[in-house]
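Please open the structure in your viewer and keep the selection panel handy.

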Amino acid sequence: MINMRRTAAVARTEFIHVLRDWRSLFLAIAIPMVLILLFGYALTLDLRNVPTVIWDQSRTGESRQLVSLFDGSPYFSIKGFHEGYAPLQREIDAGKAMVALVIPGDFAEKIRSGVTVTIQVIVDGSDATTSRLAASYTRGVGLIYNRKIAVASLRPAASGHLTEGAVKLVPRVWYNADMRSQNMILPGIVAIVMMVIAAMLTSVTVAREWETGTMEQLISTPIRGHELIFGKVIPYFVIGMIDVAIAVSLGEWLFHVPLRGNPALLFAMAALFLTGALFLGMTLSITLKSQVLANQIAIVAGFLPTLILSGFVFAIENMPPLLQCLTYIVPARYFIAIMRGIYMKGIGLEILWLNALLLFVYAVILILAANRRLKLRLE
Amino acid sequence: MLTRLKRMLVKEFLQMMRDPRMRMVVFGLPVIQMLVMAFALTTDVNRVKIAVLDRDRTPASRELLSSFTGGNYFQIVHRVQSMDEMTRLLDQGTVRAGIQIPSGFAGDIRAGRPAQVQLIADGTDSNTTAIILGYADGIVADFNGRLQGHRTGAVPVEMAIRAWFNLNQESRLYYVPALIGLMLLIFSLMLTSIGIVREKEIGTIEQVMVTPIRKMEFILGKTIPYVITGYITMTLMFILAILVFDVRIHGSILLLYGLTGIYLCGNLGLALLVSASASTQQQALLTAFFIIMPCVLLSGFMFPIHNMPKVVQYVTWVNPMRWYLEILRGVVIKGVGIKVLWPAAAAQLTLAVGFLFLASKRFRKTLS
């Protein structure tokens, strides 16, 4: 059905096009590298060194002990001490501090006499994620201080009560024991990189032929639609798989992201997802016949959902129910679940088969769509 | 000069708006994106799905579990009989966490021994996990408090936390304006650079070159339409933000529009640089993407800047989106004025002028 010779000829011309245009080729390889290096070195969701300012009205040994707990914590970095609300507000307004602590003047007296003291904590809510984490860490520091006081106070009875008969929570984090965000991000980047490279690059291929008028020449040859499509996809498939290999090896050797599952399965699943992404770009290119349009739609329909609706950074189960339904049509959702399963949980198809099947269905639908839409006819 | 520029503008607008699909891309897509993305961008964690393995089955263990489901924090979706079953649910991702209460739990409490409860959290999403652990700590501390009741005295220190600018710490309030910054960057950079390169690729740029139009007029004619559409897009998105997402602009709208203009001009400068160096649309879009990607990631949009290594923090200084987000956050959420925002505004102006200057130099060379 497919004439291999004709398909190979198209693949060769597209290869030559890609290789001759060294700049596009360089970018197709450089974009994933830059992404991975950025994510590996610079970007982390783990909150550290939250800039903090303090107004210590008490200035006693007790209050300094509390401050030193904040100073010693990796989560906070004390940027300065101020007097009054006005300087605190200025620092937070200007974004120089995200947390401000106000320790009341009667702090030491109240601690000594066993009365609860209230520490005012002001967090910059304009970045809700950071502020919520920072708030929970301040609560944590408060708990540590309380425990210290209880242990240190010469009231063995009271400190005894604190542990005696109490429920102790023993938390254990599976799959990612030290909760490194890199471990969760790297498997996701592979999906992002492939969506970018595959859907964006192929989105211009057929449209380019229409725009520059070379499509007429192709139409006059005996080539069939599906041969043209497969021929054009092959070079980008090769680039995509090279990108996956780069991502996996950088993750392995540079960032030491543990790969617990089967690497062969990982590459097979990547190939499946890549095929779907390539044919998405192809279908857009064939349907829209305009490079600008096809590329914009590829970004909006391919890249942004992959970035935001796939569970890459924003957990799907935290989204409103209606939107959760929408994520079912984002193929990256299944692929990222598969990647995390293979990378972090070390599980295989016995659990991931449904995700793999859906990726397969997605790829098939787009291959059929691309073939149906392409009409080698002049208008 | 003005008539030539006017002709050019008319031509550009006609070209852009002639295609109904293009009108959709310019005005429809940002609005749709905003509606979908703004709901998706949430880091609020609630109703975490958990599985429970209660080996004790006593009133005490049930009371602990009911305090887990009490707030809006956790929901028990599975009660399992064995650890294997728990492992399977976690592997499948059906639940985010599991709680195991050992037999003898109630006995330990009655006997005054520390009773252990195991919490197994799925660490694949590290941020959610950190929040889940925080919730669980709080719930257990609460439970202990009730258990010990009056026996212990008052807690020494209590943290009274108040989130300024955003009392309920809703992530939406931050992400909605940030999305506007993202969309403006993607659209102004991509559409403009590809628009110019398109003329080069299909050869119509020669036709424009033989007309008496000057280079500066050509550049202005190519960019002004995108400044205008950028403003329209931004206005549409803000209207949506106000009507649908209940975002209120606390600061001066005039300041917001002024600083947005600088941002748009800077992006267009970048777009001109891209188009001056690219000869095919494929090259242009890859180059544009090569710029957009780090700009988005290093802007503080999803990843806080103060978490980055020092060197990278300095790199973010040349990122226009970083400054624009600071301005958006300042004007929209905090309601501060130019007195506080002048460093960001100055940085943005410097960048815009720099990009436009470089672009005009590069452009002259390529066209002659």
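Here is the tour, stop by stop.

This is a predicted model, in which local features need pLDDT of at least 70 and side-chain atom pairs count only at pLDDT 80 or more, while totals for chains, interfaces and linings use all residues. Residues are numbered from 1 along each chain as its sequence is written, and chains are lettered from A and ligands numbered from 1 in the order in which they are written.

Select chain B to begin. You will find 14 helices and 5 strands (DSSP runs numbered from the N terminus: H or I of at least four residues, E of at least two). Its radius of gyration over C-alpha atoms is 28 Å, well over the 21 Å from the globule rule (2.2 Å times the number of residues to the power 0.38) for 368 residues, so chain B is more spread out than a compact globule. Along the principal axes, its C-alpha trace spans about 95 × 45 × 40 Å.

Where pLDDT is low, the predicted coordinates should not be read in detail.

Next, select helix H3 of chain A, residues 61-72. Which residues of H3(A) are buried (20 or more other C-beta atoms, placed from the backbone, within 10 Å of their own)? They are A:Glu62, A:Ser63, A:Leu66 and A:Phe70. Seen down the helix axis, the directions to their C-beta atoms fall within an arc of 105°, so these residues line one face of H3(A). Turn to the face away from that buried side for the exposed (12 or fewer) residues A:Gly61, A:Ser68 and A:Gly72.

Conventions
Expected span 1.5 Å × (residues − 1).
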